[in-house]
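Take a look at the model below.

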Amino acid sequence: MTVAVDPRAVALPAVAGARLAVPLVDGTRVPYANLDHAASAPCLDAVRDAVDELLPWYASVHRGAGFASQVSTRVYEQARDALRRFTGAHRADTVVFTRNTTDALNLLARAVPRDTSVLLFDTEHHAALLPWRGPNVRRLVTPDRPDDAVAALDEALRRCPTGPRLVVVTGASNVTGELWPVRRLAEVARQHGARIALDAAQLAPHRRIDIRALDVDWVALSGHKLYAPFGAGALVGRADWLQAAPPYLAGGGATRQVLARGEQLGVSWSAVPERHEAGTPNVVGVHALAVAADTLTRHWEPLVAHERALLDRLRAGLAAIPGVRELSLFGAGQARVSVASFVVEGRDAGLLAAALSAEHGIGVRDGLFCAHVATRRLLGEAQPRALRASLGLGSTEEHVDRFLAALRGLVAHGPAWTYAEVDGRWVPSPDPRPLPPFLSI
Ligand code: PLP
């Protein structure tokens, strides 16, 4: 007999900071409501424990003869397998460790063959929008519907010059959380002989990624958005372009041999992935990323259920507040991860964000979210910036409810404290909140 398990009954992985209390301007303290997971997610307890366990063994990697060096090297190399599992990579795919998604996409941009046509939508995050150079970069205007995005890519590829082609697309918008039709875009890319790179910075923390099922060539992701804030990210995917490209950074670790030839140097560069990992690698960060990837893989069902319930609660609450308009690329019904950006008519988003923090202990983000084209287009003329609330493993119903109640109060009555604009940002004035003691060292 099989017993149906309610996914929400399965314990979610815990995160650091769940019991953090932050000061308010009135002198009290409240539990911190971190609604800014899309920027950086809190550290998983499992990641922190794994890092703690590693640290006594931490030593130089790759060339160290000592036992701890060999352990560290094993840790580093095993992390590649974890990333392969996490992304459903092909056996022949390579895993290059980077600092983050921005670094991973810049690495790929340096490796695309000369004269590659690069096609992307103009609402991408700057990490995916900006690295591509040259006359053959086509930024397509983002249409109102996913179907039209697929058709627009088809049309653009039809008119593309012959030669290598690369499509770059995000899995989920960091502004609206909306999912992009990655599988269908990949299908169109294939029909035109193009490769496709997935910016998975926002998708990876919320949904299982499968390179094979999505039929993409590369996936780029960031550890700090995946509950592993130790400075590592990854580019996973096809090795050939990366192998043919000059090293991303020149230096130790990326070379097999360097010989003096008169006044010149004869350099033999390593194969991928080491070819693009010059310098001392971030063993701790890479281990953290691997542990986070394995931990999320064991918890997708309850994680998705948890976030879906909270997102529904958040969006329904926002819709009920007078003057609130949620931003959306493809319409309110489009599937999305747990990110919601919005504006409040007649209210400054920056001032609201400052008051949510100073008066209610709630962390949200305001601005254009490093996706200026997308956010400006969705904002229109009336508002210079938006507010974004984003949820994840560190979020609770209480956080969402407190946020909605606080926002409702601010919309109805305005802030209770005084604020000043300093360098374009609103700050409490005065700001009596004490910093944590470790900051005064
Ligand atoms: N792509 C998307 C969709 C993002 O949301 C972000 C960060 O917010 C990035 C890329 C860049 O990530 P990172 O800053 O970790 O390089």
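Two strands count as paired if DSSP finds at least two bridges between them. With that in mind, turn to the hairpins of this predicted model.

Strand E18 covers residues 419–422, and strand E19 covers residues 425–428. They pair in the antiparallel sense over 4 bridges. Tyr419 has Pro428 in E19 as its bridge partner. The hairpin of E18 and E19 has 2 residues between the strands. Asp423 in this hairpin takes a positive phi near 50°.

Strand E11 (residues 255–261) pairs with strand E12 (residues 264–269). The sense is antiparallel, and there are 6 bridges. Arg261 stands opposite Gln264 in E12. Here too, 2 residues lie between the strands of the hairpin. Gly262 sits in the turn, with a positive phi of about 60°.

**The ligand site**

Which residues come nearest to the ligand? They are Thr102, Asp199, Ser222, His224 and Lys225, out of 13 residues around it. The shell divides into 2 nonpolar, 9 polar and 2 charged residues.

| Residue | Protein atom | Ligand atom | Distance |
|---|---|---|---|
| Thr101 | polar backbone atom | oxygen | 3.4 Å |
| His125 | polar side-chain atom | oxygen | 3.3 Å |
| Asp199 | side-chain N or O atom | nitrogen | 2.5 Å |

How much of the ligand does the protein cover? On its own, the ligand has 390 Å² of accessible area, and the protein covers 89% of this.

Technical notes:
Residues numbered from 1 in each chain as written. Predicted model: local features only at pLDDT ≥ 70, side-chain atom pairs only at ≥ 80, totals over all residues. Heavy atoms only, no water. Near = heavy atom within 4 Å. Polar contact = N/O pair within 3.5 Å; in protein donor to acceptor, adjacent residues only side chain to side chain. Areas by Shrake-Rupley, 256 points an atom, 1.4 Å probe, with all protein chains shown as cover. Nonpolar A, V, L, I, M, F, W, Y, C, P; charged D, E, K, R; others polar.
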